[in-house]
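Please look over the sequence and the fold shown below before reading the report on them.

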Amino acid sequence: RRILELCSGTGRCCLGLASQGFEVTGIDLSPNMVNIANAKLAALQKTSAKSLKVEYHVMNIEEFQLQVK
């Protein structure tokens, strides 16, 4: 149950999906947006009983290549 969100911004959707048990990867072009998303994730991890599986990457989606396992 994995989700890829393109143009993830500040991570609002990624965090909501991760809290429902999904493993989520967020990609955004803006380092500032990814920094905010990571800060939100860190704050939520401190208050959540379960570990959220979220990772964010600064990346241009035009150059993104999906590597399926």
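## Basis of the report

The structure is a predicted model, in which local features need pLDDT of at least 70 and side-chain atom pairs count only at pLDDT 80 or more, while totals for chains, interfaces and linings use all residues. Residues are numbered from 1 along each chain as its sequence is written, and side-chain values use heavy atoms, with hydrogens and water left out.

## Strands and crossovers

Helices (H or I, at least four residues) and strands (E, at least two) are taken as DSSP runs and numbered from the N terminus, and two strands are said to pair if DSSP finds at least two bridges between them. Strands β1 and β2 run parallel and are joined by five bridges, with Arg2 standing opposite Glu23 in β2. Between these strands the chain passes through α1, and this β-α-β crossover is right-handed; the term applies if, with the strands pointing away from the viewer, the path from the first strand over the helix to the second runs clockwise.

Strands β2 and β3 also run parallel, and five bridges join them. Here Gly26 stands opposite Tyr56 in β3. The chain goes from β2 to β3 by way of helix α2 (residues 31–47), in a β-α-β crossover that is right-handed.

Tyr56, which lies in strand β3, counts as buried because its relative accessibility is 9%, where buried means under 20% relative accessible area, exposed over 50%, and partly exposed in between (1.4 Å probe, protein chains only). Tyr56 and Gly26 are 30 residues apart in sequence, yet their C-alpha atoms are 4.6 Å apart in space. Contact means heavy atoms within 4.5 Å, and, not counting residues up to four places away in sequence, Tyr56 touches Ser8, Gly11, Cys14, Leu15, Gly26, Val34, Ala37, Asn38 and Leu41.

Ser8 belongs to the loop between β1 and α1, and Ser8 is buried because its relative accessible area is 7%. Apart from neighbours within four places in sequence, Ser8 is in contact with Cys14, Gly26, Ile27, Asp28 and Tyr56.

Although Cys7 is not a glycine, its phi is positive, at about 60°. As background, most residues other than glycine have a negative phi.

Ile61, in the segment after β3, counts as partly exposed because its relative accessibility is 37%. Leaving aside neighbours within four places in sequence, Ile61 is in contact with Leu6, Cys7 and Ile27. Between Ile61 and Leu6 there are 7.0 Å in space, C-alpha to C-alpha, although they are 55 residues apart in sequence. Arg12 is placed in helix α1 (residues 12–19), and Arg12 counts as exposed because its relative accessibility is 65%. From Arg12 to Ile27, 15 residues away in sequence, the C-alpha to C-alpha distance is 13 Å.

## The largest pocket

Rolling a probe the size of a water molecule over the atoms shows where empty space is left. A pocket is an open set of points, on a 1 Å grid over the protein atoms alone, where a 1.4 Å probe fits, with protein on both sides within 12 Å along at least five of seven lines, and lining residues have an atom within 4 Å of a point. Grid points are joined across faces, edges and corners, and a volume is the space filled by probe spheres set on the points. The largest pocket holds about 420 Å³ of space. Its lining is made of 18 residues, of which Arg2, Thr25, Phe64, Leu66 and Gln67 lie nearest the centre of the pocket. The elements that give two or more residues to this lining are β1 (2–6), β2 (23–28) and β3 (54–58), and β2 gives the most, with four residues.

By type, the lining divides into nine nonpolar, four polar and five charged residues; Ala, Val, Leu, Ile, Met, Phe, Trp, Tyr, Cys and Pro count as nonpolar, Asp, Glu, Lys and Arg as charged, and the others, Gly among them, as polar. Thr25 is found in strand β2, and Thr25 is buried because its relative accessible area is 18%. Not counting residues up to four places away in sequence, Thr25 touches Ile3, Leu4, Glu5, Glu55 and His57.
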